[in-house]
Amino acid sequence: MKNSLILAAACLALIGCSSPSANAPRQHSGTPAKSAFKALNGCLGTYNNSPRLPNGRVDMQRLLDELVELRANTYNWLIWHRDTDWEDLQAFLPLARAKHINVWVTLVPPSESPPKARWYSEPFRLDYVRWADELGRLSDRESNLVAWSIDDFCHNLKTFTPETVQAMRAKTRQHNSQFAFVPCCYYKQITPVFAQKYSGLIDGILFPYRSESTKANLTDAAQVEAEFGKIREVMGRKDLPVMLDVYASAHATMGSSTPEYVRQVMARAHLVADGVLVYCHQDKQKSAQKFAVIKALFEEWTKPGDR
């Protein structure tokens with residue numbers, strides 16, 4: 001009996017030593033990029049334009065119902081419209097997780113902040129290292145918070161120097177080494193110089209397609225494959241996920257897209273991209289045709305149990 005008790009105590013000690021600390025950041029096997037790829041690959045979702053309640057807060061139930069109807073597995077949450085967006089995000093995450101929906105967070109850069117724009121991303125504004133710390137901490141608590149992005153990243157490289165991005169990356173990695181940084185980058189800004197400086201500092205690219213290899217517009221879907229090929233060639237990393245962002249909502253200078261354009265771009269992107277996101281989330285009533293296009297394609301690309 002005495003020997004049995006000693007053996008049991010030894011086993012418990014070994015188990016205790018081998019169990020990860022509850023406070024330790026989530027780790028992964030392989031490189032961060034490969035781990036991030038698992039969370040990003042096959043993402044199908046929408047961005048921004050969440051329905052709002054009369055008090056200005058996000059109508060989470062309606063948003064979730066629409067994402068489920070679309071068969072989306074991802075929602076990209078923009079923190080920009082209200083001081084309560086950060087608080088609402090934290091309430092939304094467990095609700096989304098229950099529906100098997102991953103969440104990204106997008107922040108606005110200096111070029112989309114005061115005095116050039118009306119709002120900041122609140123509450124940490126232009127302190128992107130602080131944002132990295134807070135989002136990394138949140139992603140460690142909420143497993144479906146898988147990525148974060150900065151809009152118009154390549155237009156703000158004076159702010160986002162390689163040193164600053166490295167500091168941001170270090171902060172998120174302290175909490176969750178699988179939390180992916182996927183900045184928004186346009187075709188013409190993805191140059192060999194950009195790739196040389198930033199390729200090793202990012203976990204993916206969110207690419208808003210506008211046929212910029214010809215003349216920027218929201219009518220020509222034919223350049224999707226060629227532009228994706230060029231981006232992959234320039235970045236020089238086979239393990240770097242590139243997700244397409246299709247303009248379903250209007251652009252400030254290029255105007256609106258048509259439902260058929262949205263369908264064509266999404267269909268082409270599905271063949272070459274690692275994921276497809278829609279700019280922006282479409283109102284089911286006001287943009288019924290585009291909502292239907294997105295729903296039909298997401299349903300075609302997924303199986304009932306995929307989400």
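Student: How does the lining of the largest cavity divide by class?
Tutor: In this predicted model, the lining has four nonpolar, four polar and one charged residues. Nonpolar here covers Ala, Val, Leu, Ile, Met, Phe, Trp, Tyr, Cys and Pro; charged covers Asp, Glu, Lys and Arg; the others, Gly among them, are polar.

Student: Which residues line the largest cavity?
Tutor: Asn48, Asn49, Ser50, Arg52, Val58, Tyr75, Trp77, Leu78 and His81 line the largest cavity (a set of points on a 1 Å grid over the protein atoms alone where a 1.4 Å probe fits but cannot get out, with lining atoms within 4 Å of a point).

Student: And what volume does the largest cavity have?
Tutor: Its volume is about 40 Å³, counted as the space filled by probe spheres set on points joined across faces, edges and corners.

Student: What lines the second largest cavity?
Tutor: Trp148, Val165, Met168, Arg169, Thr172 and Phe181 do, around a volume of about 30 Å³. Helix α6 (residues 162-175) gives the most, with four residues; helices are DSSP runs (H or I, at least four residues), numbered from the N terminus.

Student: Changing topic, which residues of α9 meet α10?
Tutor: Pro259, Val262, Arg263, Met266, Ala267 and His270 in α9 make the contact (heavy atoms within 4.5 Å). The residues of this contact, from both helices, comprise nine nonpolar, two polar and two charged.

Student: What can be said of the numbering and confidence limits?
Tutor: Residues are numbered from 1 along each chain as its sequence is written. Local features need pLDDT of at least 70, side-chain atom pairs count only at pLDDT 80 or more, and totals for chains, interfaces and linings use all residues, while side-chain values use heavy atoms, without hydrogens and water.

Definitions and conventions. Helices (H or I, at least four residues) and strands (E, at least two) are DSSP runs, numbered from the N terminus. On a 1 Å grid over the protein atoms alone, a cavity is a set of points where a 1.4 Å probe fits but cannot get out, and a pocket is an open set with protein on both sides within 12 Å along at least five of seven lines; lining residues have an atom within 4 Å of a point.
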